[in-house]
Amino acid sequence: MNLSIQQQNYLTNIFRNRVNFDSRERRFYANDVGTMPAMVKRLMGKHIPAGIVQPISREEVIILTKWAAENRIPLIPRGKATSGYGGVVPVSGELVVEFNRMKNILVIDAEKLTVTVEPGAVWQKVEEQLNEKGLTLKSYPTSAPSSTVAGWLATGGAGIGSYQSGYFRDNVIEITLVAPDGRVDTLAGDKLSLVENASGITGFITSIKFTVAPIKDRQLTALAFDDLHSLSKFVNEVYKRNVPLWSLSFTNPEISRYRNLLPTSAEHGKSNTDGISLPESYILLAVYYSSSAGNQALQKIAAGYGGTLLDNSIAQHEWSERFNPMKAKRISPSLIPAEVVIPVNSLAQVMEDLEARIHQPFLLEAFAVKGGEIVLLGFIPHDERKFGFNMAFGLSLTVLKTALQNGGRPYGNGLYFSALAKNVIGDNRLARLKEFKAARDKSSIMNPGKTIEVGTMARLISLALPMEGVIRPVANSMPGNPAGEDFKSSQGLPDDVTWFSYACAGCGYCVDECTQYYGRGWESQSPRGKWSLLKMVADGETNITQQDVSTFLACTTCDLCRD
């Protein structure tokens, strides 16, 4: 899709310096945190947007949405793009609506234990302001330093604290939504299902009100299990006895092995020197309130299943790493992601099947969710520079198929799993979303090709699932870069710069903290954007321009881009 000069002028008159049609800038808004294989990328459509608009108020969102509906201009909501489901990725060059300027915490009600925020509010910033009032979040994602509140709701969020609090939707009281026809809806109760895990196809969230909790002292306990069956029995017993915990998570031995190899600074090749050596076991981390009986119950159950109490320093280390699931990119330049939700009673079977089926290194982290579900977040370290990356990516299908065979589902829909929408959101919600779209978005302007619209990518994934058994042996035979192979100079860039550009996880933790980004507000001005540009240069996709030189010269040398 291309915008006419008249359409561009209309948007410029309203949004001034908060709209951008620069061809260079638009490239930074063509993807999310995921790295897709080159062969797959060619099938993703026109993923460079027609432009980027940054509203600052609900009134501007209404004006934009009504204009887009009248002119049939498709829109894509974008927070910090920290998900890997393609929910913010254009498929036909749509207009991206970025909410980085609508990030205020509007109201904190200490008496009613609620907070109301704008859609672009970042979780870590919300927590900091809550703490000043003696309050804290009930749950938050592992990407809390950069991800947005609306984004987590739109992707069906569960993570840290979900053992006690459930999915984020369970804590939301109400939202305001600018629907595709420009009308403003207030959604609460059952109506929240129109936005939860819907990837923004029903409209733009402009405020969210949700519950919080008083600050209480929390304690950590880390346990090691030598085999997955003992771990699984322990986790099932914790659920069965309803042990009073706040958060429950665990990692597999491969994560421990990689964490023991990780550098403690951004220096390439520097070994881990923080003094913590993790046992290469299944490590379970439980967080509970100091006044609860959680610790006593945990240790009693663990004794029956061979769990070994680990030193508090390891518990603290694992807790400090809770925001760094993608840190393995410092060793291997690319990660193949796979995220699914499974019933807790299928945990042992799923883990056993994955160990038998995946012969590449498989880093797995899991989070327990209230009601008896487990979110599995997996990464296969690899190397996108190699042709085998295209083949190895098929192992993400192995994880998905294993989950489906055991009563599980994909974690979210987005662009890639809309063909499996029934598994993710159920028949009733699927029908309800289709009914809403038919009534309120006749031209399908709101994030087309996502959640309920089955596009080329979703169709291919659906067709490939039955062939997973054939794809798997080939995928397993394509090793990545487990030894941390040195990067060589590429396209005139020094070898360490090339390495840094690949090592950047795209997590966005650096974005809001960057003074240059704060002053200018565009992705190209952030550390993440600069590393993305250098990666494009290293890959031969573009060259450094005078405009890029000016961007780099504006850096305040805060060194965030090294972190």
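**Sheet and helix packing in the predicted model**

Val 117 of β6 is the bridge partner of Ile 105. The model is a predicted one, so to speak of local features takes pLDDT of at least 70 and side-chain atom pairs count only at pLDDT 80 or more, while totals for chains, interfaces and linings use all residues. Residues are numbered from 1 along each chain as its sequence is written, and side-chain values use heavy atoms, with hydrogens and water left out.

Four bridges tie β5 to β6 (residues 114–117), and the two run antiparallel. Strands here are DSSP runs of E with at least two residues, helices are runs of H or I with at least four, and both are numbered from the N terminus; strands pair if DSSP finds at least two bridges between them. Zooming out, β5 and β6 belong to an open five-stranded sheet, ordered β5-β6-β10-β8-β9 with antiparallel pairing. At its edges sit β5 (105–109) and β9 (184–188), each pairing on one side only. From one strand to the next, the twist averages 10 degrees. Helix α5 (residues 123–132) packs on this sheet and touches β5, β6 and β10 (204–211), its direction making about 40 degrees with that of β5. Contact means heavy atoms within 4.5 Å, and angles run from 0 to 180 degrees between N-to-C directions, with axes fitted to C-alpha atoms (for helices, over the stretch in contact).

Then there are the helices α1 (residues 5–15) and α4 (residues 58–71), whose axes come within 12 Å and cross at roughly 170 degrees. The pair is therefore roughly antiparallel (angles over 145 degrees). On the α1 side, Gln 7, Tyr 10, Leu 11, Ile 14 and Phe 15 meet Glu 60, Ile 63, Leu 64, Trp 67 and Asn 71 of α4.

Note on methods
Parallel < 35°, antiparallel > 145°, perpendicular 65-115°, else oblique.
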